[in-house]
Amino acid sequence: MAAAAEGAEPNSLDDMMRRLGQLVDRADEDSDGLLTMSELKEWIGRTSRRYIENDVSRLWKSLNPENNDTIHWDVYQETIYGHGALNDVQFYHKGLINRDRRRWKAADTGRDDSLNRDEFTAFLHSEDHPAMREVVLQEMFDDLDRDRDGKISLPEYMFDMYQPRSPDMEPPEWVANERDVFLKFLDQDGDGSLNEVEVRQWIAPHGLGLTDSEAQHLLLEADANGDAKLTKKEVLKKINAFMNSPATEFGHALLRHDEL
């Protein structure tokens with residue numbers, strides 16, 4: 001795709017489409033114009049590692065300017081939420097603090113209320129760490145199970161992804177695709193809701209890691225002709241799905257102006 005025209009708005013849709021096309025070209029290792037599952041997984045794995053490393057490094061340096069071996073919970077809580085046990089910020093963010101505390105304890109393998117760099121990575125990015133699966137499962141239900149019946153219904157699943165500005169607003173195409181994902185793949189017993197077993201499979205289907213499950217998700221979203229491969233055209237048509245994926249560092253890679 002041609003570069004955005006001179007005078008185009010920075011980070012316009014044309015600019016983001018161009019950069020996504022460049023990412024596709026880079027991921028197409030054999031330059032045959034098709035992304036295989038293997039190439040898709042390699043792309044997601046590479047960008048995920050970079051995204052996680054940059055994110056962890058940024059916060060590690062902020063919390064730990066002296067680069068000590070570990071960060072204590074008290075330092076994290078005071079830096080993120082402020083000093084004092086009863087300040088207004090902490091009161092307002094009590095739910096987030098409790099959520100972070102639960103994650104912190106799960107990541108703290110040394111049981112000393114301090115996290116080393118590896119443990120801190122598991123704390124920040126729990127989804128691809130098997131030891132953190134129970135915490136991720138609990139967070140999924142906390143976020144999505146709005147009626148607290150122990151299941152995630154289709155409306156609850158969709159509400160987390162898309163909320164129209166008005167009742168008569170036509171939903172974008174990807175909303176129907178996500179509905180199909182729920183009905184055809186996630187809801188394995190067809191009862192209209194996801195139970196704990198089904199949510200576990202959603203988090204890590206058949207023991208697969210985040211990279212594998214994300215590659216399967218993107219392939220399902222974008223593979224219009226069902227050949228288990230993606231053309232650049234198919235990827236660009238589903239730019240919204242890729243913008244919400246670690247494949248593009250959740251869209252950040254399409255907004256930067258540095259070298260890809």
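Trainee: Which residue forms a salt bridge with E53, and how far apart are the closest N and O atoms?
Mentor: In this predicted model, local features need pLDDT of at least 70, side-chain atom pairs need 80 or more, and totals for chains, interfaces and linings use all residues. Residues are numbered from 1 along each chain as its sequence is written, and side-chain values use heavy atoms, without hydrogens and water. A salt bridge puts a side-chain nitrogen of Lys or Arg within 4 Å of a carboxyl oxygen of Asp or Glu. E53 pairs with R117, with the closest N and O atoms at 2.9 Å.

Trainee: What relative accessible area does E53 have, and which class does that give?
Mentor: Buried means under 20% relative accessible area, exposed over 50%, partly exposed in between (1.4 Å probe, protein chains only). R117 has 27%, so R117 is partly exposed. E53 has 41%, so E53 is partly exposed.

Trainee: Which residue meets R101 in a salt bridge?
Mentor: The N to O distance is 2.7 Å, and the partner is D113. R101 is in helix 5 and D113 in the loop between helix 5 and strand 2 (114-116), so the parts tied together are 12 residues apart in sequence. R101 is partly exposed because its relative accessibility is 23%. The partner asked for is D113.

Trainee: Where in the chain do R200 and E134 lie?
Mentor: R200 and E134 form a salt bridge, with 2.7 Å between the closest N and O atoms. The two ends are 66 residues apart in sequence, because R200 lies in helix 10 (residues 196-203) and E134 in helix 7.

Trainee: Which residues are linked in a network of salt bridges?
Mentor: A search of the whole structure finds 15 salt bridges. The residues linked in a network are R99, R103, E127, E139 and D143.

Trainee: Why is the pair of Y76 and W104 tilted?
Mentor: The structure holds 12 aromatic pairs (rings of Phe, Tyr and Trp, its six-membered ring, with centres within 6.5 Å; planes under 30 degrees apart are stacked, over 60 edge-to-face, the rest tilted). The centres of Y76 and W104 are 5.3 Å apart, and the pair is tilted because the planes stand at 35 degrees.

Trainee: What angle lies between the planes of Y76 and F123?
Mentor: This pair is edge-to-face, with 5.2 Å centre to centre and 85 degrees between the planes. Y76 in helix 3 and F123 in helix 6 (residues 117-124) are 47 residues apart. Y76 is buried because its relative accessibility is 6%. The angle asked for is 85 degrees.

Trainee: Which residues form one aromatic cluster?
Mentor: F123 is buried because its relative accessibility is 2%. The cluster holds W60, W73, Y76, W104, F120 and F123.

Trainee: Is N67 buried or exposed?
Mentor: N67 is found in the loop between helix 2 and strand 1 (70-72). Its phi is near 55 degrees, a positive value in a residue other than glycine. At 55% relative accessibility, N67 counts as exposed.

Terms used. Helix = DSSP H or I, 4+ residues; strand = E, 2+ residues; numbered from the N terminus.
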